[in-house]
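Subject: Structure handover

Hello,

My notes on it follow below.

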Amino acid sequence: MICTAGWWEQPRDDDGRPWKFHPANLGGPCADMIAYDVDGDGKMDVLSSSAHNFGIWWHQQRIGKDGKRAFVQQVLFKELIAQTHALVCEDVDGDGLKDLVTGCRWWAHGAKGDTGEKQRPVLYWFQAKKGSDGLVTFIPHLIDDDSGIGTQFVVTDLDGDGVPDVIISNKKGVYAFIQVRRKE
């Protein structure tokens, strides 16, 4: 289990012992946090939605010369998207790599003046591509520019065709984005 203050490690044997907490600085207010080895070094990093700011946060796990674990935050897609109140990690394109789906939450806190409050309520999927060095890069693909996301949404096969679709609800309404794959 992950939170912005660290994570709890499950004991190897589920014998009722408490989970060990590992303190770590994993950023500011966010909504969803996902363990994902972005840099291919065998250590799980943390990706999180920046609920009240710009981009998607990548907390890259590193081990210092002193042997201590630390996380270095990088912002992905800072210029592209704000208020990513929800983040889902699913294989959208069927290539075996988990992709990311998120968007800008429209009118998140009303007229209060949120970061990026004038941004269109966009919805994206970020296609994961792994390089020969193991580094995963994410390529943005716009799904819609007038819906955004809410505080939760689902990526699932809604129409039974074997490919995932995106279902959202928010202050603009309820939307189902049905994925249609073109035959090449």
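I will begin with the largest cavity. Its lining divides into 4 nonpolar, 4 polar and 3 charged residues. In that count Ala, Val, Leu, Ile, Met, Phe, Trp, Tyr, Cys and Pro are nonpolar, Asp, Glu, Lys and Arg are charged, and the others, Gly among them, are polar.

Some ground rules. This is a predicted model: local features need pLDDT of at least 70, side-chain atom pairs count only at pLDDT 80 or more, and totals for chains, interfaces and linings use all residues. Residues are numbered from 1 along each chain as its sequence is written, and side-chain values use heavy atoms, with hydrogens and water left out.

**Cavity**

Searching the whole structure gives 1 cavity of 30 Å³ or more. The volume of the largest cavity is about 50 Å³. The search uses a 1 Å grid over the protein atoms alone. A cavity is a set of points where a 1.4 Å probe fits but cannot get out. A pocket is an open set with protein on both sides within 12 Å along at least five of seven lines. Lining residues have an atom within 4 Å of a point. Grid points are joined across faces, edges and corners, and a volume is the space filled by probe spheres set on the points.

Which residues line the largest cavity? They are Gln-83, Cys-104, Arg-105, Trp-106, Trp-107, Ala-108, Gly-110, Asp-114, Gly-116, Glu-117 and Gln-119.

Gln-83 sits in the loop between S7 and S8. Its phi is near 50°, a positive value in a residue other than glycine. Gln-83 counts as buried because its relative accessibility is 2%. The cut-offs are under 20% relative accessible area for buried, over 50% for exposed, and partly exposed in between (1.4 Å probe, protein chains only).

Phe-77 lies in the loop between strand S7 (69-76) and strand S8 (87-90). Phe-77 is not a glycine, yet has a positive phi of about 60°. With a relative accessible area of 21%, Phe-77 is partly exposed.

**Pocket**

The largest pocket has a volume of about 440 Å³. Its lining holds 16 residues. Nearest its centre are Val-92, Trp-125, Gln-179, Val-180 and Arg-181. By class, the lining has 10 nonpolar, 1 polar and 5 charged residues. Strand S11 (136-144) and strand S13 (165-170) each give at least two residues to this lining.

**Overall fold**

The chain has 0 helices and 14 strands. Both are DSSP runs, numbered from the N terminus: helices are H or I of at least four residues, strands are E of at least two. The C-alpha trace spans about 50 × 45 × 35 Å along its principal axes.

How does the radius of gyration compare with that of a compact globule? For 184 residues, such a globule would have a value near 16 Å; the chain has 18 Å, which agrees. The radius is taken over C-alpha atoms, and the globule rule is 2.2 Å times the number of residues to the power 0.38.

Of the 184 residues, 40% count as buried. The chain exposes about 10,400 Å², with carbon and sulfur atoms supplying 50% of it. Those areas come from the Shrake-Rupley method with a 1.4 Å probe; for residues, only the protein chains shown count as cover.

Contact means heavy atoms within 4.5 Å. Among contacts between residues at least 6 apart in sequence, 42% join residues at least 24 apart.

- Ile-168 is in strand S13. Ile-168 is buried, at 1% relative accessibility. Beyond residues up to four places away in sequence, Ile-168 touches Ser-147, Gly-148, Ile-149, Phe-153, Gly-173, Val-174, Tyr-175 and Phe-177. The C-alpha atoms of Ile-168 and Gly-134 are 32 Å apart, across 34 residues of chain.
- Ala-176 is in strand S14 (residues 173-177). Ala-176 is partly exposed, at 42% relative accessible area. The C-alpha atoms of Ala-176 and Val-166 are separated by 5.9 Å.
- Lys-20 is in strand S3 (residues 20-23). Lys-20 is exposed, with a relative accessible area of 53%. Not counting residues up to four places away in sequence, Lys-20 touches Trp-7, Trp-8 and Glu-9. Between the C-alpha atoms of Lys-20 and Gln-10 there are 7.0 Å.

Best regards
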